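Look at the sequence and the structure first.

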Amino acid sequence: MGYRKAEEILPIEIIELIQQYVDGENIYIPRKPAHRQAWGAGTHIKQELLLRNQQIYKDYLAGSKTSELACKYYLSKKSIQRILRKMGE
C-alpha cells in the first residue's frame with residue numbers, strides 16, 4: 001500500500017476539515033465494507049500455509065516431536081501444538 005498526497009485527490013475544504021483533527025500526521029482511511037477482501041485473498045498464502053500445516057501433521061503422525069517440528073519449521077512449540085490441534089479436528 002503506497003501513500004498518496006491528499007492535495008492530489010481531495011478538495012482543499014476536506015483537507016482543512018481533516019487538519020482540525022489531524023495536522024501533519026499519517027492516517028489510515030479504511031475501505032468501505034463492500035470493497036474489503038478477506039485476509040490472503042490477493043495471494044496464495046492461505047494454500048501455502050494449509051500445505052505446510054498438513055505436512056507438520058503428517059510429520060507428527062510419523063513420530064516427530066513438537067520440539068523437533070518447531071525447529072524444522074521455524075515456529076514456536078505453542079504454534080506447532082495449535083496447528084496439530086486444529087489439523088486433528
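## Basis

This is a predicted model. Two packed helices are described by the angle between their axes and the distance between the axes.

## Helix 3 against helix 4

Helix 3 spans residues 45-61, and helix 4 spans residues 66-73. Their axes come within 10 Å. The crossing angle is roughly 145°, and the crossing is right-handed.

From helix 3, the contact draws on Arg52, Gln55, Ile56, Asp59 and Tyr60. Helix 4 supplies Thr66, Leu69, Lys72 and Tyr73. By residue class, this contact has four nonpolar, two polar and three charged members.

## Asp59

Asp59 sits in helix 3. Is Asp59 buried or exposed? Its relative accessible area is 12%, under the 20% cut-off, so Asp59 counts as buried.

Which residues touch Asp59, once neighbours within four places in sequence are left aside? They are Ser64, Leu69, Lys72 and Tyr73.

## Helix 3 against helix 5

The axes of helix 3 and helix 5 come within 9 Å and cross at roughly 90°. Helix 3 is therefore roughly perpendicular to helix 5.

On the helix 3 side, the contact residues are Arg52, Asn53, Gln54, Ile56, Tyr57 and Tyr60. On the helix 5 side, they are Ile80, Ile83, Leu84 and Met87. The contact divides into seven nonpolar residues, two polar and one charged.

## Two sides of helix 5

Helix 5 covers residues 77-87. Its buried residues are Ser79, Ile80, Ile83 and Leu84. These cover an arc of only 135° around the axis, so they lie on the same side of helix 5. Helix 3 and helix 4 are among the elements that cover them.

Tyr74 lies in the loop between helix 4 and helix 5. Its phi is near 55°. That is a positive value in a residue other than glycine.

Why does Tyr74 count as exposed? Its relative accessibility is 76%, and the cut-off for exposed is over 50%.

Conventions:
Residues numbered from 1 in each chain as written. Predicted model: local features only at pLDDT ≥ 70, side-chain atom pairs only at ≥ 80, totals over all residues. Heavy atoms only, no water. Axes fitted to C-alpha atoms, helices over the stretch in contact; angles between N-to-C directions. Helix = DSSP H or I, 4+ residues; strand = E, 2+ residues; numbered from the N terminus. Left-handed = near helix turned anticlockwise from the far one by under 90°. Contact = heavy atoms within 4.5 Å. Nonpolar A, V, L, I, M, F, W, Y, C, P; charged D, E, K, R; others polar. Buried < 20%, exposed > 50% of the residue type's maximum accessible area, 1.4 Å probe, protein only. Arc of directions from axis to C-beta. Parallel < 35°, antiparallel > 145°, perpendicular 65-115°, else oblique.
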